[in-house]
Amino acid sequence: MGRDGDPRVAEAAALLIEQPSMTIAQAMAISKFNKRECNNRAIVKNISKKKARVLAASHRMNNEPIPSSVTTSNKSASV
C-alpha cells in the first residue's frame with residue numbers, strides 16, 4: 001500500500017511549475033512550511049523531485065501519439 005505524501009510538497013511543486021521564476025524557498029513559504037522545514041534539505045529535495053516527476057508525466061502525456069485508426073492485416077508471415 002502506497003503512502004500519501006505531504007500535500008504541501010505537491011502544492012510547492014505546482015507553484016514552481018506555474019511560476020518558474022519562483023524559488024523553492026518562496027514556494028515553501030506560500031505552502032505553509034515553517035522556517036525549520038524550509039531549511040530541511042530532505043524536504044527541499046522532495047519538492048524538487050516532485051516537480052521533476054510532474055513535468056516528466058506531463059511531457060509523456062503530451063508526446064504520446066494517439067492512433068486515429070487501427071488497421072489489421074490478414075496476411076500470413078513466413079519466416
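This is a predicted model: local features need pLDDT of at least 70, side-chain atom pairs count only at pLDDT 80 or more; totals for chains, interfaces and linings use all residues.
Reader: How many helices and how many strands are in the chain?

Author: There are four helices and zero strands. Along the sequence, the pattern reads α-α-α-α.

Reader: What share of the residues counts as buried?

Author: The chain has 79 residues, and 16% of them count as buried. The cut-off for that word is under 20% relative accessible area.

Reader: Why is Ser31 called buried?

Author: Ser31 has a relative accessible area of 0%. Buried means under 20%. The value of 0% falls under that limit, so Ser31 is buried.

Reader: Where is Ser31 placed, and which residues is Ser31 in contact with?

Author: Ser31 sits in the loop between H2 and helix H3 (35-38). Leaving aside neighbours within four places in sequence, Ser31 contacts Arg8, Glu11, Ala12 and Leu15.

Reader: What makes the pair of Ser31 and Ala12 a polar contact?

Author: A polar atom of the Ser31 side chain lies 3.3 Å from the backbone nitrogen of Ala12. The distance limit is within 3.5 Å. The value of 3.3 Å is therefore within the limit.

Reader: Why is Ala25 called partly exposed?

Author: Ala25 has a relative accessible area of 49%. Buried is under 20%, exposed is over 50%, and partly exposed is in between. The value of 49% lies in between, so Ala25 is partly exposed. Ala25 belongs to helix H2.

Reader: How far apart are Ala25 and Cys38, in sequence and in space?

Author: They are 13 residues apart in sequence. From C-alpha to C-alpha, Ala25 and Cys38 are 6.3 Å apart in space.

Reader: Which residues form the largest nonpolar core?

Author: That core has 10 residues: Val9, Ala12, Leu15, Leu16, Met22, Ala27, Met28, Phe33, Ile43 and Ile47. Helix H1 (7-18), helix H2 (24-30) and helix H4 (41-63) each give two or more residues to this core. H1 gives the largest share, four residues.

Reader: What makes this set a nonpolar core?

Author: Such a core is a set of buried residues of nonpolar kinds, among them Ala, Val, Leu, Ile, Met and Phe, joined through side-chain atoms within 4.5 Å. In soluble globular proteins, nonpolar side chains tend to be buried together.

Reader: Which residues does Ile47 touch?

Author: Not counting residues up to four places away in sequence, Ile47 touches Val9, Ala12, Ala13, Leu16, Met28 and Phe33.

Technical notes: Residues are numbered from 1 along each chain as its sequence is written. Side-chain values use heavy atoms; hydrogens and water are left out. Buried means under 20% relative accessible area, exposed over 50%, partly exposed in between (1.4 Å probe, protein chains only). Contact means heavy atoms within 4.5 Å. A polar contact is a pair of N or O atoms within 3.5 Å; within protein, one must be able to donate a hydrogen and the other to accept it, and residues adjacent in sequence count only if both atoms are side-chain atoms.
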